[in-house]
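Please keep the sequence and the structure in view while reading.

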Amino acid sequence: MGNPKAFLTIKRKEAGYRPVNERIYDYGEVEQTLNEEDRQLQASRCMECGVAFCHWSCPLGNKQPEWQDALYKGKWKEAYKLLVATDDFPEFTGRVCPALCEKGCVLNKIGEPVTIRENEAAIIEKAFAEGYITPQIPKIRNGKKVAVIGSGPSGLACANRLNRKGYTVTVFEKDEKPGGLLRYGIPDFKLNKSVIDRRIKLMKEEGIIFKCSVEVGKQIKATKLLNEYDAICIAIGSGVPRDLKVEGRNLKGIYFALDLLKQQNRVIAGCPIPEEDRISAKGKKVLVIGGGDTGSDCVGTSIRQGATEVTQIEIMPKPPVDYNPDTPWPYYPMILKTSSSHKEGCNRRWLLDTKQFIGENGIVKKVEVVEVEWEKDEAGHPQLKRTNRSEIIEADLVLLAMGFVHPVYEGLLEELGVKLDARKNVAVVDGKSSVDKVFATGDSAFGASLVVKAIASGRKTASEIDEYVKNIK
């Protein structure tokens with residue numbers, strides 16, 4: 001390391017967010033950037049810690065100490081090469097990853113980990129700006145064809161890896177543009193869609209074929225792909241949202257989170273949405289049910305649309321602030337997470353379960369919630385217990401952001417006849433499903449998770465497909 005003691009003299013410095021009174025009126029990315037000098041100083045804080053728990057914490061196995069050192073020394077191109085050796089899309093993970101690496105950083109023991117995620121984003125943006133990144137077109141094609149169904153982070157990573165190995169890869173996407181939830185689920189204020197367009201353009205130049213507005217299992221038969229391709233990779237994600245089966249669920253004004261997020265992203269992209277189909281929080285009291293990242297995205301979107309009040313409720317207890325003894329370093333800490341959206345104005349509450357939706361003239365107006373408690377049974381497993389304490393929350397718009405349960409079975413999976421596991425995900429062994437030539441990756445195989453884990457899964461599945469095709473006699 002160039003300066004193994006810099007962590008003693010240089011404090012952690014984050015780029016921070018744009019001012020609240022500015023950013024809530026647009027959908028531009030909320031995160032700011034540091035200048036190159038500050039960024040290199042932050043990289044110098046990476047210490048000679050012996051065991052790199054940042055590397056251990058990262059699903060991609062990124063070599064953070066190596067590229068931090070190169071960045072500190074101003075060797076941006078070297079830092080870029082070290083970074084992309086393990087991460088296909090640092091421009092995505094550098095923006096939306098919860099930075100598991102930083103939670104494992106030794107300096108996190110004093111609450112000042114290296115700004116690894118921001119450094120990562122800075123490196124890839126410098127690489128694009130300086131022209132380090134050029135199309136890597138395979139010199140030799142192996143004559144084999146693979147179809148990737150779904151263009152989210154896992155599907156893109158799988159396609160990227162296979163293309164680099166010389167396969168002819170075609171990506172099928174049911175929506176009008178590639179990107180999956182990167183494009184249609186994550187708000188522009190966290191991930192500007194020009195960042196996705198830039199990567200897709202590069203992948204096309206490298207030879208990957210994208211066929212959009214094509215839903216395999218509907219517009220095109222999956223059996224047709226089985227006949228035409230040497231292997232198929234299912235990367236359709238976990239598309240069935242968790243629902244609430246309570247009284248009043250059929251009232252108007254109650255939507256799944258992605259209904260709002262997808263539509264707003266399309267509006268920003270210039271897609272025409274009929275007025276009668278628009279979901280808008282303008283002038284409304286919004287209730288977001290679910291305390292995760294998707295719920296946070298609904299909060300930020302509702303505020304930008306002009307909601308008069310936003311409340312977010314969660315059935316789980318409020319996590320500890322700063323430190324949780326149940327998840328000590330170097331494990332990912334289960335502590336209170338306050339996003340940029342929360343800082344824009346949101347009433348957050350915990351230990352509340354939805355009892356019923358109350359409406360007027362068929363439109364939701366109120367939500368009755370009941371307080372809950374969590375107790376442990378004899379085996380130590382948490383058990384939910386409802387109390388008799390209930391209250392009414394006024395809400396003109398309700399957004400269900402309680403996660404996803406499994407991939408959509410109707411259509412593609414049904415036609416292929418793949419076996420499902422106990423959680424109704426595609427059952428896989430070494431990436432391979434129960435149907436010959438068919439593989440599954442990412443959320444469709446392992447359940448809803450993080451972008452970084454999806455990319456890691458896509459890379460691994462690409463290697464498994466390569467091994468399978470090579471052994472076909």
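Leaving aside its neighbours within four places in sequence, which residues is Val 148 in contact with?

## Val 148 and the basis of the model

With contact meaning heavy atoms within 4.5 Å, Val 148 is in contact with Gly 155, Ala 159, Val 169, Thr 170, Val 171, Phe 172, Cys 233 and Ala 235, once neighbours within four places in sequence are left aside.

This is a predicted model, in which local features need pLDDT of at least 70 and side-chain atom pairs count only at pLDDT 80 or more, while totals for chains, interfaces and linings use all residues. Residues are numbered from 1 along each chain as its sequence is written, and side-chain values use heavy atoms, with hydrogens and water left out. Helices (H or I, at least four residues) and strands (E, at least two) are DSSP runs, numbered from the N terminus.

## The nonpolar cores

A nonpolar core is a set of buried Ala, Val, Leu, Ile, Met, Phe, Trp, Tyr and Cys residues joined through side-chain atoms within 4.5 Å; buried means under 20% relative accessible area, exposed over 50%, and partly exposed in between, with a 1.4 Å probe and protein chains only. The largest such core has 38 residues, and those with the most contacts inside it are Val 148, Leu 162, Leu 182, Leu 191 and Ile 465. Two or more residues each come from α7 (90–96), β1, α10, β2, α12, β4 and α18, and the largest share, eight residues, is that of α18.

Apart from this core lies another, of 23 residues, among them Leu 71, Cys 101, Cys 105 and Ile 133. In soluble globular proteins, nonpolar side chains tend to be buried together.

## The sheet that contains β1

Strands pair if DSSP finds at least two bridges between them. Five strands form an open sheet in the order β3-β2-β1-β4-β15, with parallel pairing; its edge strands, β3 (209–212) and β15 (438–440), each pair on one side only. The twist averages 20 degrees from one strand to the next, where axes are lines fitted to C-alpha atoms, for helices over the stretch in contact, and angles run from 0 to 180 degrees between N-to-C directions. Four bridges join β2 (residues 168–173) to β3, and the bridge partner of Phe 172 in β3 is Lys 211. Helix α10 (residues 153–164) packs on the sheet, touching β1 (145–149), β2, β3 and β4 (231–234), and its direction makes about 165 degrees with that of β2. Helix α18 (residues 451–470) also packs on the sheet, where it touches β1, β4 and β15 and makes about 165 degrees with the direction of β15.

Strand β4 is covered on both faces, with Ala 231 and Cys 233 buried on one side and Ile 232 and Ile 234 buried on the other. In a regular strand the side chains alternate between the two faces of the sheet.

Strands β8 and β9 are joined over four bridges, and the bridge partner of Glu 314 in β9 is Trp 350.

Helix α14 (residues 257–268) has 12 residues and reaches 17 Å from its first C-alpha to its last, close to the 16 Å expected at 1.5 Å a residue, the expected span being 1.5 Å times one less than the number of residues. Its buried residues include Ala 257, Leu 258, Leu 260 and Leu 261, and among the elements that cover the buried residues are α12 (193–205), α15 (293–305) and β13 (397–400). Just after α14, Gly 270 takes a positive phi of about 90 degrees.

## Two loop positions

Leu 251 is found in the loop between β5 (240–241) and β6, and counts as buried because its relative accessibility is 15%. Not counting residues up to four places away in sequence, Leu 251 touches Phe 357, Ile 358, Gly 359, Gly 362, Ile 363 and Val 364.

Ser 339 lies in the loop between β8 (309–314) and β9 (347–350), and its relative accessibility of 15% is likewise why Ser 339 counts as buried.
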